[in-house]
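Q: I have a model open and want to learn how to read it. Where do I start?

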Amino acid sequence: MFIFFILFMDIQNISKRRTFGIISHPDAGKTTLTEKFLLFGGAIQIAGAVKSNKATRAATSDFMEIEKQRGISVASSVMGFDYNDYKVNILDTPGHKDFAEDTYRTLTAVDSVILVVDCVKGVEDQTRKLMEVCRMRNTPVIVFINKMDREGQDPFDLLDEIEKELNIHTRPLSWPIGIGSSFKGVYNLYEKKLQLFSADKRKIANDVLAIKSLDSKELDEIIGEKAANKLRDDAELVEGVYEPFNRDLYLEGYLAPVFFGSAINNFGVQELLDTFVQIAPEPRSRESETREVKPEEKKFTGFIFKIHANLDPNHRDRIAFCRIVSGKFERNKFYQHTRLDKKIRFSSPTSFMANDKSVIDEAYPGDVVGLYDTGNFKIGDTLTEGEMINFKGIPSFSPEIFKELENKDPLKTKQLEKGIMQLTDEGVAQLFIQQPGNIKIIGTVGDLQFDVIQFRLLHEYGASCSFRPLNYEKACWFTSKDKKALERFTNLKKHSIAMDKEGRPVFLADSLWALKINQDNFPELSFHTTSEFKTDNQ
Ligand code: G4P
């Protein structure tokens, strides 16, 4: 009986967890929505408690300003709170596009995402890129169309744009009545409830009215005849055009339910959160190189998806963020670090509740724990109770800016080597080595990373460096079953080939066009834009 109770408790712990990320193009309202969720979850008391990543968002290269914000971003890396019996974990993603790779990796640790779209701007550049990453793992997506208090685009046009540009089917679960200055509220198509809008940032609850039927006269009285007729027409069109909401299709990442609202005015947020906890997936199974690991398995497993270094030279520790995949994580228990084949235990694993950190004794699938690290971890590392497995799905993404690392102080060569190895283990950037000459090429997705590397090499390792820009636009890993073709390509392109840290060859393309030409000329080769691919050239 007791064992049964414990088993039940564990399953409960899993099924009531929701671990997700809020993603958006900068300025669409990610920070505001995050804050409102925490407010509704009771994790914070006043608006403004979550610091926006403003400085990291600004197109600044003032690195120290960014560092100040990074202090904040550690605390808000994971924001956990309890809501209606559910334990909700929001994994924060950096706003600045130069830190996009950090965001991509964080997305490997979530079970679903809420995508915020600005109703004025529609789908933007980062929205597209982030969705591509979601597509790679078929991550379930809910769309929140924000800023309905502004004169935005027609909702049907917005949904069309999302479907076309993001390659996902949509299904509105609520429908806006008017937009901008004529915005009156939203109608919940499922619960047949009307929520009336009032522009009030402090007001938390909205007026919700149950409307038995859209044909009722009551509707005309509340929102006016014109708006009521428009809503009737729109609702009819919605039912005719969009397939009914099907949770399985949402869980497969095929269909995105859509909500409309205004985060700053707390409008549509509670409705979104209520639906989210009900339909969003609980912690999911995860593929390792050898088998699939299920959350309900008894033994603990987890993986590292983010490493945060302390930039204070007096405290050179780092925090490695571990997403728990299965079993129960316990403080002070020895766990197997499978890459190093080493047992490690953690005396002060940290959990995050909104902006507070605290040492925890145990954690469950879906949770993220912060582990103090003295240099043992690398992004993608796996921890287990002894089984030698490695989780998949934490790839490196093909960088877009390349510079050669130049050593400015030959007396500090060793420090430079050590520093660059550790920083790239942390995922600050990627390192490629080109022969002859052992040339170190640093690849990033944003320019800011070079400032970060230069600053940290100097302050943490005492090594000074400079960078020489290189004319490459894309790095692709390449493989082939055809050894001859591989050899031909390697000989012909040797000046544009380098090795990644794992010794795998990478083609550095001058332009996307050059990449395309080479793909056409060497159809026997496969080019990969992430480091996670099946090796077929052995
Ligand atoms: P981000 O994290 O996605 O980058 O966006 P963030 O939440 O910081 O929001 C960007 C701007 O959009 C902020 O204004 C915010 O107040 C505003 N905003 C968020 N939700 C809504 C909404 O529903 N309606 C309207 N009209 N605006 C919204 P800001 O001027 O940049 O900053 P602040 O001075 O208001 O903090």
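The dialogue below goes from the whole chain to single residues.

Q: What kind of model is this, and how many helices and strands does the protein have?
A: This is a predicted model. The protein has 15 helices and 31 strands. Of its 538 residues, 55% count as buried.

Q: How do I read contacts along the sequence? What share comes from residues 24 or more positions apart?
A: Take the contacts with a separation of 6 or more. In this protein, 72% of them join residues 24 or more positions apart.

Q: How do I read a nonpolar core? Which residues touch the most other members in the largest one?
A: Look for buried nonpolar residues joined through side-chain atoms within 4.5 Å. The largest such core here holds 80 residues, and Val141, Val143, Ile145, Phe329 and Leu371 touch the most other members. Strand 15, residues 318-326, gives the most to this core: six residues.

Q: Where does this core lie relative to domain 1 and domain 2?
A: Between them, because domain 1 (17-279) and domain 2 (286-384) both contribute residues. A separate core of 28 residues includes Val116, Ala263, Phe276 and Ile279.

Q: Which residues does Ile145 touch?
A: Skip residues up to four places away in sequence. Ile145 then touches Val117, Cys119, Leu158, Leu159, Ile162, Val258, Phe259, Phe260 and Gly261.

Q: How do I read a helix pair? At what angle do helix 5 and helix 6 cross?
A: Check the distance between axes, the angle and the handedness. Helix 5 (residues 100-107) and helix 6 (residues 125-136) have axes that come within 9 Å and cross at roughly 35°. The crossing is right-handed.

Q: Which residues meet there, in helix 5 and helix 6?
A: Helix 5 brings Ala100, Thr103, Tyr104 and Leu107. Helix 6 brings Gln126, Lys129, Leu130, Val133 and Cys134. By class, the contact has six nonpolar, two polar and one charged residues. Helix 5 itself is mostly covered, with eight of its eight residues buried.

Q: What about helix 2: how many of its residues are buried?
A: Nine of eleven, so helix 2 (residues 30-40) is largely enclosed by the rest of the structure. Its buried residues include Lys30, Glu35 and Lys36, along with Leu33 and Phe37. Among the elements covering them are strand 1 (17-24), strand 5 (141-146) and helix 11 (269-279). Gly42 follows helix 2 and has a positive phi, near 75°.

Q: Are Asp85 and Asn138 buried, partly exposed or exposed?
A: Asp85 is exposed, with a relative accessible area of 67%. Asn138 is partly exposed, at 41%.

Q: Which residues does the cis peptide bond join?
A: Gln435 and Pro436, with omega about -5°. Pro436 is in the loop between strand 25 (430-434) and strand 26 (439-444).

Terms used
Residues are numbered from 1 along each chain as its sequence is written. This is a predicted model: local features need pLDDT of at least 70, side-chain atom pairs count only at pLDDT 80 or more; totals for chains, interfaces and linings use all residues. Side-chain values use heavy atoms; hydrogens and water are left out. Buried means under 20% relative accessible area, exposed over 50%, partly exposed in between (1.4 Å probe, protein chains only). Helices (H or I, at least four residues) and strands (E, at least two) are DSSP runs, numbered from the N terminus. Domain bounds come from an automatic or database domain assignment. Contact means heavy atoms within 4.5 Å. Axes are lines fitted to C-alpha atoms, for helices over the stretch in contact, and angles run from 0 to 180 degrees between N-to-C directions. A crossing is left-handed if the near helix is turned anticlockwise from the far one by less than a right angle, and right-handed if clockwise. Ala, Val, Leu, Ile, Met, Phe, Trp, Tyr, Cys and Pro count as nonpolar, Asp, Glu, Lys and Arg as charged, and the others, Gly among them, as polar.
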